[in-house]
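I opened a new page for this chain. These are my notes, in the order I looked things up.

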Amino acid sequence: MSSLATPSDAAPASRDSLAIAILAVAAFVIVTTEYLIVGLLPALARDLEISISAAGQLVTLFAFTVMLFGPLLTALLSHLERKRLFIAILLIFSVSNALAAIAPNIGILALARFIPALVLPVFWGTASETAGQIVGPRRAGRAVSQVYLGISAALLFGIPLGTLASDAVGWRGTFWILAGLSLVMALALAVFMPTVALPRRLRLAEQARILKDPRFVGNVVLSVVVFTAMFTAYTYLADMLERIAGVAPAHVGWWLMGFGAVGLIGNWLGGRFVDRSPLAATAAFSLLLGAGMAASAALAGSFVLLGLALSVWGIAYTALFPICQVRVMKSASHAQALAGTLNVSAANAGTGFGAIIGGLVINQWGLGSIGYVAAGIAAVAILLAAWISRLRP
């Protein structure tokens, strides 16, 4: 039976480090399950004989489920012991991914995506706090950064890894791999993660007072618009590379991997500039995002120029993840944990809206128009950031 971990716990640091590393890998598997579907869209659309825009609504379903249920379920489940909670979440992901692997039609696949979307924000919203509890206050910052490294890696590489795995073992095989990884991580947490002390539970009404602050609400809305711009184009990037740029399906995953690798620069730049002025950083990287997305559509005929445009796009795309999270949390007068969870919901709302808008654009004006429409939405984000800067807290 695991011991209770508190800041004064005498457990060896190496065991704590192993627990944090496992928690980070679990975070990677969980968040990869959400974003990997983008890389699988072309293959599963062909196999299930549905349009790419219809397949794209699986992204919308997952994102909107996280958006609608995330804050409420996180608040309702915050009293549960975290080790048992995390193990239960990973078992749910294992079963759901197995169901996705055997789904005979889009309806069953949608169910297999809906179930894990209910509990993903619960894990995301509590994992970093739990990491700090495991190691104590003196090493909490490093532990939290390790967990977020797993999340960031999933955001950057989940989609390209899914595309490469789909090409190697098929989209169904990719879901089987995720099911197995989820089960392995559940077992690892059961063995190596200590039981942690429960945090003090705040009343939801007390935390929700931040929603009365127009500047805070404006920042949440800004995150919705930013992520809508990002995912209007990014949801269909794999298809754009295949059908417009002429990249061979077997090579698309490598292009997406390069997109994520270049994005590591954006992750560093975003963290560097957001502390100076969160709203200015949002506007600046939204401008780069729009330029990169529009240029990618215009320069698709040349692999070299397309690579440069995708580099600008990737840097801005990745930078905006931490920028939006920090900006929203800094705009909260209190209850920053709820603020962070609300930003996750806002990001998923934008992800869902982007998938919808992108699908509509494909049907109305064709795949080549997505980058320009997404750039227009990024311009709206810039204007909104300027307006929010004039609001008083």
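**Entry 1: salt bridges**

I began with charged pairs, and Glu242 forms a salt bridge with Arg46, with 3.8 Å between the closest N and O atoms. Glu242 belongs to helix 8 (residues 237-243) and Arg46 to helix 1, so this pair ties together parts that are 196 residues apart in sequence. I noted that the model I am reading is predicted.

Are the two partners buried or exposed? Glu242 has a relative accessible area of 18%, so it is buried. Arg46 is exposed, because its relative accessible area is 54%.

How many salt bridges are there in the count? I got three salt bridges. As a reminder to myself, side chains of opposite charge can pair when their charged atoms come close.

Next I looked up Arg172. It forms a salt bridge with Asp47, and the closest N and O atoms are 3.5 Å apart. This pair also links distant parts of the chain. Arg172 sits in helix 5 (residues 140-192) and Asp47 in helix 1, 125 residues apart. I checked the cover on each side chain. Arg172 is partly exposed at 25% relative accessible area. Asp47 comes out at 43% and counts as partly exposed too.

Then I turned to Arg243, which forms a salt bridge with Asp239. Here the closest N and O atoms are 2.7 Å apart. Why are the two residues separated by about one helical turn? Both are in helix 8 and they are four residues apart, which means about one turn. Arg243 is exposed, with a relative accessible area of 52%. Asp239 is buried, with 7%.

**Entry 2: a nonpolar patch**

Which residues make the nonpolar patch? I wrote down Leu68, Phe69, Ile92, Leu111, Phe114 and Ile115. Together they make a patch of about 470 Å². Two elements give two or more residues to this patch: helix 2 (52-76) and helix 4 (106-135). Helix 4 gives the most, with three residues.

Phe69 has 33% relative accessibility, so it counts as partly exposed.

**Entry 3: buried residues and their distances**

I went back to helix 2 for Val66, which lies there. Val66 is buried, with a relative accessible area of 0%.

Leu41 was my next stop, in helix 1 (residues 13-48). Is Leu41 buried or exposed? Its relative accessible area is 0%, so Leu41 is buried. I compared its position with that of Ala54. Leu41 and Ala54 are 13 residues apart in sequence, and their C-alpha atoms are 9.5 Å apart in space.

**Entry 4: a helix pair**

I finished with helix packing. Helix 9 (residues 249-273) packs with helix 11 (residues 303-330). I noted an angle of about 45° and axes 6 Å apart.

How values were computed: Residues numbered from 1 in each chain as written. Predicted model: local features only at pLDDT ≥ 70, side-chain atom pairs only at ≥ 80, totals over all residues. Heavy atoms only, no water. Patch = residues over 30% accessible without salt bridge, like charges linked within 9 Å, V, L, I, M, F, W, Y side chains within 5 Å. Areas by Shrake-Rupley, 256 points an atom, 1.4 Å probe, with all protein chains shown as cover. Salt bridge = Lys/Arg side-chain N within 4 Å of Asp/Glu carboxyl O. Buried < 20%, exposed > 50% of the residue type's maximum accessible area, 1.4 Å probe, protein only. Axes fitted to C-alpha atoms, helices over the stretch in contact; angles between N-to-C directions.
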